[in-house]
Amino acid sequence: MYKISPSVLASDFSRLGDEAERMEKCGADYLHLDVMDGHFVPNISFGAPVISSIRNRCGLVFDVHLMISEPLKYIDDFKKAGADLITFHIESDSPVEETLDKIHAVGCKTGLSIKPKTPAEDVFPYLDKTDMILVMTVEPGFGGQSFMYDTMDKVTAIRNEINRRGLDVDIQVDGGINEETVKVAAKAGANVFVAGSAVFRAEDASVMIETLRKNAEN
Ligand code: DX5
Ligand code: ZN
């Protein structure tokens with residue numbers, strides 16, 4: 001039920017394939033791949049060819065987080081690159097329902113994300129059309145930022161709405177997740193946890209992943 005998704009944004013890009021392989025050995029559930037276009041967010045990371053280059057190094061679920069202005073245009077590319085789960089932002093320029101449908105049509109799971117200032121209610125119309133909601137717990141664009149506690153009310157509101165309607169939707173949180181904040185986010189109703197710095201800067205990544213999972217459970 002609780003899943004840990006290390007974000008390779010905090011990894012050593014010169015050894016990305018090794019890092020992906022290492023995360024699988026360390027017991028991660030997903031591998032979080034942050035795609036940034038320098039337009040939707042003020043930073044550029046990597047795109048489909050880089051993801052494709054590490055696909056055969058790792059059997060984890062490829063959890064692709066698109067922080068790009070026009071996600072709909074690129075769904076086929078990311079599917080071909082090996083994405084299993086594709087998340088895009090409700091604040092992007094692509095039509096939400098059409099983009100969710102497209103992701104499902106290519107055979108991937110869907111995630112719909114909101115930035116810290118976007119109200120929880122904005123995702124309510126899509127709860128029965130998506131597999132996951134990603135509530136950003138920092139402003140998207142950079143790793144290593146501090147967890148925004150005031151986003152937790154949104155996690156709870158979305159979890160309550162999911163339960164009220166009897167739906168089965170994951171809630172992912174991303175940004176500033178560590179041994180302590182994972183507890184707060186789990187209590188609020190999240191069940192998929194992205195962690196970049198916490199995992200890749202840890203002395204022992206497998207211990208950190210296990211700790212994150214345990215702390216979420218308790
Ligand atoms: C931020 C990215 C995050 C980031 C998280 O825009 O979406 O996935 O890598 O990094 P940490 O865990 O270091 O906050
Ligand atoms: Zn992310």
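A polar contact is a pair of N or O atoms within 3.5 Å; within protein, one must be able to donate a hydrogen and the other to accept it, and residues adjacent in sequence count only if both atoms are side-chain atoms. This is a predicted model, in which local features need pLDDT of at least 70 and side-chain atom pairs count only at pLDDT 80 or more, while totals for chains, interfaces and linings use all residues. Residues are numbered from 1 along each chain as its sequence is written, chains are lettered from A and ligands numbered from 1 in the order in which they are written, and side-chain values use heavy atoms, with hydrogens and water left out.

**View 1. Polar contacts of ligand 1.** A polar side-chain atom of S197 lies 2.4 Å from an oxygen atom of ligand 1. The protein covers 99% of the 380 Å² of accessible area that ligand 1 has on its own, with areas taken from the Shrake-Rupley method with a 1.4 Å probe. For G144, a backbone N or O atom is 2.9 Å from an oxygen atom of the ligand, and for H32 a side-chain N or O atom is 3.4 Å from one.

**View 2. The shell around ligand 1.** Ligand 1 is surrounded by 20 residues, and the closest are D34, G141, D174, G196 and S197; a residue is near if one of its heavy atoms lies within 4 Å. The strand β2 (30-36) gives the most to this shell, with 3 residues, while β3 (61-67) and β8 (192-195) each supply at least two; strands are DSSP runs (E, at least two residues).

**View 3. The largest pocket.** Ligand 1 sits in the largest pocket, meaning that more than half of its atoms lie within 2 Å of the pocket's grid points. A pocket is an open set of points on a 1 Å grid over the protein atoms alone, where a 1.4 Å probe fits, with protein on both sides within 12 Å along at least five of seven lines, and lining residues have an atom within 4 Å of a point. The lining comprises 27 residues, of which F142, G143, G144, G175 and G196 lie nearest the centre.

**View 4. The second largest pocket.** This pocket has a volume of about 180 Å³, and its lining includes Y30, D84, K109 and D170.

Conventions. Helices (H or I, at least four residues) and strands (E, at least two) are DSSP runs, numbered from the N terminus. Grid points are joined across faces, edges and corners, and a volume is the space filled by probe spheres set on the points.
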